[in-house]
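The following paragraphs lead the reader through selected parts of one protein chain. Please keep the sequence and the coordinates at hand while reading.

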Amino acid sequence: FFASHWIELRCAQVLRLWRNSSSEVNNELYKGYRKGNTERKINEIVAGYDFLNSNENIFNVSIWYNATYKNDTGFDTIALARIPRSVNLVSDAYLQFLLGPGTKMLFEFVKEMPKPETKIKFDLASLLGALFFTWVILQLFPVALTSLVYEKQQNLRIMMKMHGLGDGPYWMISYGYFLAISVIYMLCFVIFGSVIVIAYIGVFGTGLLAGFLFQFFVQDTSFPNGWIIVMELYPGFALYRGLYEFSQASFSGDTLGTRGMRWGDLSDSTNGMKEVLIIMFVEWLLVLFSAYYVDQVLSTGSWKSPLLFLKRFQKNPSSSFRKPSIQRQGSKVFVTTEKPDIHQETEKVEQLLLEPTMNHAIVCDKLRKVYPGRDGNPEKFAVRELSLALPQGECFGMLGPNGAGKTSFINMMIGLTQPTSGTAFVQGLDIRTNMNGIYTSMGVCPQNDLLWEILTGREHLLFYGRLKNLKGSDLTQAVEESLKSVNLFHGGVADKKAGKYSGGMKRRLSVAISLIGDPRVVYMDEPSTGLDPASRKNLWNVVNRAKQDRAIILTTHSMEEAEVLCDRLGIFVEGSFQCIGNPKELKGRYGGTYVFSMATSIDHETDVEKLVQQLSPNAKKIYHISGTQKFELPKDEVKIANVFQAVETAKGNFPVSAWGLADTTLEDVFIKVAREAQPYDTLS
């Protein structure tokens with residue numbers, strides 16, 4: 001063996017490295033190469049010579065040399081293998097063997113085979129591709145996350161769920177949509193080739209961590225491949241490894257004139273692309289499953305057990321009406337005095353549970369909701385053992401002061417919260433176990449308009465109509481009829497984005513959404529809020545037509561609206577109904593009085609009081625300010641003709657600015673019942 005340098009070649013005495021076979025020579029040559037041993041020591045040998053076929057008469061030498069490019073790092077200029085110098089070296093050695101040490105053959109003008117000039121190429125895209133392309137691709141993550149969070153934050157997700165969109169289809173559609181967006185994004189990126197990189201801190205962190213940590217393990221051939229695969233389980237590293245291999249193949253292909261990376265290279269164990277693609281595909285499935293699982297367990301409105309997937313091995317509970325256990329739940333017993341109408345409603349519910357019938361769309365059985373105490377505050381009883389039976393074709397109105405528990409009741413009925421005890425049946429399905437089935441036949445008009453600002457009114461109705469299984473001409477007809485019914489059809493309003501709607505227009509669209517697809521049960525939370533008088537009257541007509549073949553629960557603070565729309569009313573105070581009946585019955589039961597009012601000067605207030613005492617000895621003053629007084633007069637003590645005659649006589653004795661006699665209004669009934677309602681006593 002001989003050593004050579006870039007300076008003048010000279011024969012020198014070296015170690016005797018005789019080898020007995022060509023394979024040993026080959027191994028010895030490769031062992032000195034920079035990647036040929038695990039110690040990564042470089043001791044390159046220029047060539048090995050096979051003199052077995054040479055003697056004093058025959059010069060037949062086989063020259064072994066390392067043909068691997070010496071500086072093939074992908075980033076440096078490639079050095080040439082100086083084969084003519086090796087030939088000159090062995091020729092001089094043979095001549096000196098024959099003729100003596102002083103013999104020398106000049107071999108000055110032997111050079112490499114002529115070839116085209118090698119141009120120095122600097123491909124920044126391939127050089128830094130794995131780092132920057134990671135940032136570019138991960139920019140799609142904030143886009144997908146923003147969309148999902150927006151739907152969650154604006155309650156659009158639960159709105160879609162309440163109109164029949166299941167969790168499985170939702171996640172599959174979302175994944176498919178963002179996968180399509182990603183494919184289009186990458187195609188545009190590959191085709192056009194240049195992208196302005198603006199990344200978030202987390203995106204930069206992933207690329208930098210991979211570029212300055214993970215890449216060194218990939219380049220180290222002595223590092224176990226199994227540990228590299230373990231590191232690639234982190235999605236950022238798997239993405240970086242794939243882009244790194246692409247950039248290496250691209251740079252080598254550009255510099256060396258090779259073909260780059262092809263599908264056939266997946267079987268090459270040195271590039272790791274096969275493992276990367278498998279990991280990314282498996283993680284795609286795992287993330288899809290994990291997102292669905294977390295949504296089912298933790299999402300608002302689901303409230304399912306972490307072992308929800310084991311329920312398929314359990315016996316499914318009956319979806320029809322059933323009588324719950326009569327054992328009281330909890331450690332507190334509520335002592336209440338039920339009014340006759342409330343007691344009658346409770347008996348009706350118990351009868352329906354024993355003899356189920358589909359004529360009643362909603363049956364609530366001792367529904368109860370208690371919010372636990374926090375920060376030293378006592379627990380809050382929002383709904384107290386509410387029982388209610390609502391038949392098809394009836395609109396039931398819930399009246400009550402703020403904080404009475406109406407919203408908590410509605411939230412339980414639409415699946416946003418679970419009842420503490422008791423249950424309710426909607427179309428025969430239990431709200432505790434079959435909300436997904438209930439959603440397919442339910443419509444909701446929430447108190448706040450839950451709309452996409454970028455969608456038009458028509459697109460909203462088309463979307464929710466499809467969720468209700470409307471198709472083709474039936475869908476188109478239903479959408480047009482809904483738009484016309486709420487006065488959003490003409491003048492191009494239907495094709496205007498909802499973000500540009502006024503408050504009243506959004507409210508009308510929300511009502512139309514709740515009624516499209518002919519739902520059997522509809523919940524409306526203050527549907528006429530923000531509407532002008534004309535729109536309010538039109539909306540009332542829509543609701544009156546809609547209630548003919550469905551059950552509607554409506555909450556409102558407008559006594560006029562309740563009286564016009566509702567077949568029955570329930571005044572809800574302190575978490576329970578205080579009375580139930582139609583408006584006429586309630587006014588007759590709680591309003592057996594006339595309201596007499598008179599305005600005069602302060603000096604004659606006593607005269608007004610004497611006048612009222614003459615008309616009705618049991619009259620009760622309910623209002624008094626600056627000469628204006630109001631009194632309740634029992635109807636059985638007063639005749640309207642006598643009132644008119646007494647007022648005319650009084651006008652001759654003292655000045656009367658104004659006076660009036662009115663029958664009891666629903667508002668008077670509401671105020672009276674709310675004031676009389678007392679908190680429940682509890683016994684532990």
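An open sheet is built from 4 strands in the order β15-β16-β14-β17, and their pairing is antiparallel. At its edges lie β15 (620–625) and β17 (658–663), each of which pairs on one side only. From one strand to the next, the twist averages 15°. The model in which these elements are seen is a predicted one. In general, the strands of a sheet pair through backbone hydrogen bonds, in either a parallel or an antiparallel manner.

Within this sheet, strand β14 (residues 593–599) is joined to β17 by 6 bridges, and the two run antiparallel.

The loop between β15 and β16 contains S626. The phi of S626 is near 50°, a positive value in a residue other than glycine. Is S626 buried or exposed? Its relative accessible area is 60%, and because the cut-off for an exposed residue is over 50%, S626 counts as exposed.

Attention now turns to another pair of strands. Strand β9 (residues 442–445) pairs with strand β10 (residues 521–525) in the parallel sense, over 4 bridges. Here V444 has Y523, in β10, as its bridge partner. Both faces of β9 are covered.

The loop between β10 and α18 (533–546) holds E526. This residue, E526, has a positive phi of about 50° although it is not a glycine. How does the relative accessibility of E526 classify it, as buried or exposed? The value for E526 is 16%, and since buried means under 20% relative accessible area, E526 counts as buried.

A further part of the chain is described by a record. An unreviewed UniProt entry lists residues 124–150, 170–192, 198–218 and 276–294 under "transmembrane region". For one of these spans, residues 276–294, the model gives 100% helix and 0% strand. The end C-alpha atoms of residues 276–294 lie 26 Å apart.

Definitions and conventions: Residues numbered from 1 in each chain as written. Predicted model: local features only at pLDDT ≥ 70, side-chain atom pairs only at ≥ 80, totals over all residues. Heavy atoms only, no water. Pairing = 2+ DSSP bridges. Axes fitted to C-alpha atoms, helices over the stretch in contact; angles between N-to-C directions. UniProt positions renumbered as here; feature names shortened; annotations may be inferred. Buried < 20%, exposed > 50% of the residue type's maximum accessible area, 1.4 Å probe, protein only.
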